[in-house]
Amino acid sequence: KRLILIGPPGSGKGTQSPIIKDEYCLCHLATGDMLRAAVAAKTPLGVKAKEAMDKGELVSDDLVVGIIDEAMKKPSCQKGFILDGFPRTVVQAQKLDEMLEKQGAKVDKVLNFAINDAILEERITGRWIHPSSGRTYHTKYAPPKVPGIDDVTGEPLIQRKDDTAAVLKSRLESFHRQTEPVIDYYSKKGMVADLHAEKPPKEVTSEVQTVLS
Ligand code: ADP
Ligand code: ADP
Ligand code: ADP
């Protein structure tokens, strides 16, 4: 399967991805994770991306399309993939279509994590991440057994620098202005399934399973 997850920051894409990935043996390509790794490693790509990311603005289409083009060539992605956080602009969606067309492939489904903006600040400011695994916790909704510590490895959790109310505001503006048109783009092709992303995680998972079955 080739799936796209679209939704505002905090809508639950990263929480559902590992579950879908394991169930269907897909690779998980999250442009945000890849960009943060590049920023941390101070690669040329990371240096170019950092300023936009710190402000909650989108990184240029050329940079992210390049990353995705490279990542999709991995052997682990040949059976299918989950694109989490990509495409975020209509230009990115068109470029993705072109890349897949060359391989005679196409996207199967777009999962739209529909949710009211009002819920997102609490989700984002309470988010804690185990960077190396991508496991995500929430102080209220999914607390780790020991605060600040990953349940599985015992390693420390971090908070993302852009997970503040102020940066969220600009990330949400980018979402409404640049990413919502991507949902329309795929709706016209009849590919979008709307999820009730404000429901508890398990209920969202069963909605996903219904859509994909
Ligand atoms: P995204 O990847 O879309 O930005 P995440 O999956 O990281 O969102 O979720 C954001 C925060 O909200 C995390 O702290 C996560 O634990 C929590 N969360 C995710 N899904 C739900 C849900 N259905 N109900 C309540 N909290 C959730
Ligand atoms: P979230 O999980 O909160 O939705 P991400 O981790 O996907 O956020 O993205 C973090 C930041 O990385 C974004 O605010 C943006 O600056 C950059 N980014 C990620 N994916 C893209 C993309 N497809 N196009 C442009 N910028 C992106
Ligand atoms: P900074 O070092 O710029 O203050 P942060 O405080 O946002 O960065 O994050 C600390 C470290 O964790 C950085 O190396 C960052 O790249 C990494 N990181 C943050 N969020 C994630 C994530 N979701 N997945 C992987 N690595 C992450």
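This note goes through a predicted model point by point, from its ligands to its strands and rings.

1. Ground rules. The model is predicted, so local features need pLDDT of at least 70 and side-chain atom pairs count only at pLDDT 80 or more, while totals for chains, interfaces and linings use all residues. Residues are numbered from 1 along each chain as its sequence is written, chains are lettered from A and ligands numbered from 1 in the order in which they are written, and side-chain values use heavy atoms, with hydrogens and water left out.

2. Who surrounds ligand 1? The shell has 17 residues, and Gly14, Thr15, Arg127, Tyr137 and Lys199 come nearest. (A residue is near a molecule or strand if one of its heavy atoms lies within 4 Å of it.) By class, the shell has six nonpolar, seven polar and four charged residues. Here Ala, Val, Leu, Ile, Met, Phe, Trp, Tyr, Cys and Pro count as nonpolar, Asp, Glu, Lys and Arg as charged, and the others, Gly among them, as polar.

3. Polar contacts of ligand 1. A polar contact is a pair of N or O atoms within 3.5 Å; within protein, one must be able to donate a hydrogen and the other to accept it, and residues adjacent in sequence count only if both atoms are side-chain atoms. The side chain of Thr15 places an N or O atom 2.6 Å from an oxygen of ligand 1. A polar backbone atom of Gly12 is 3.0 Å from an oxygen of the ligand. A nitrogen of ligand 1 is 3.4 Å from an N or O atom in the side chain of Arg123. On its own, ligand 1 exposes 560 Å², and the protein buries 93% of that. These accessible areas come from the Shrake-Rupley method with a 1.4 Å probe; for residues, only the protein chains shown count as cover. Elements α1 (13-24) and β6 (135-138) each give two or more residues to the shell. Helices (H or I, at least four residues) and strands (E, at least two) are DSSP runs, numbered from the N terminus.

4. Ligand 3. A backbone N or O atom of Lys161 is 3.0 Å from an oxygen of ligand 3. For Arg36, a polar backbone atom is 3.1 Å from an oxygen of ligand 3. The side chain of Asp33 has an N or O atom 3.4 Å from a nitrogen of ligand 3. The protein covers 64% of the 540 Å² that ligand 3 has on its own.

5. Strand β1. Is this strand (residues 2-6) mostly covered or mostly open? Four of its five residues are buried. (Buried means under 20% relative accessible area, exposed over 50%, partly exposed in between, with a 1.4 Å probe and protein chains only.) Two strands pair if DSSP finds at least two bridges between them. Four bridges join β1 to the parallel strand β3 (residues 81-84), with Leu3 opposite Ile82. Four bridges also join β1 to the parallel strand β4 (residues 109-114), with Ile4 opposite Val110.

6. Aromatic pair. The structure holds one. The ring centres of Tyr185 and Tyr186 are 5.0 Å apart and their planes are at 85°, so the pair is edge-to-face. (Rings of Phe, Tyr and Trp, its six-membered ring, pair if their centres lie within 6.5 Å; planes under 30 degrees apart count as stacked, over 60 as edge-to-face and the rest as tilted.) Tyr185 counts as buried because its relative accessibility is 17%. Tyr186 is buried too, at 1%.
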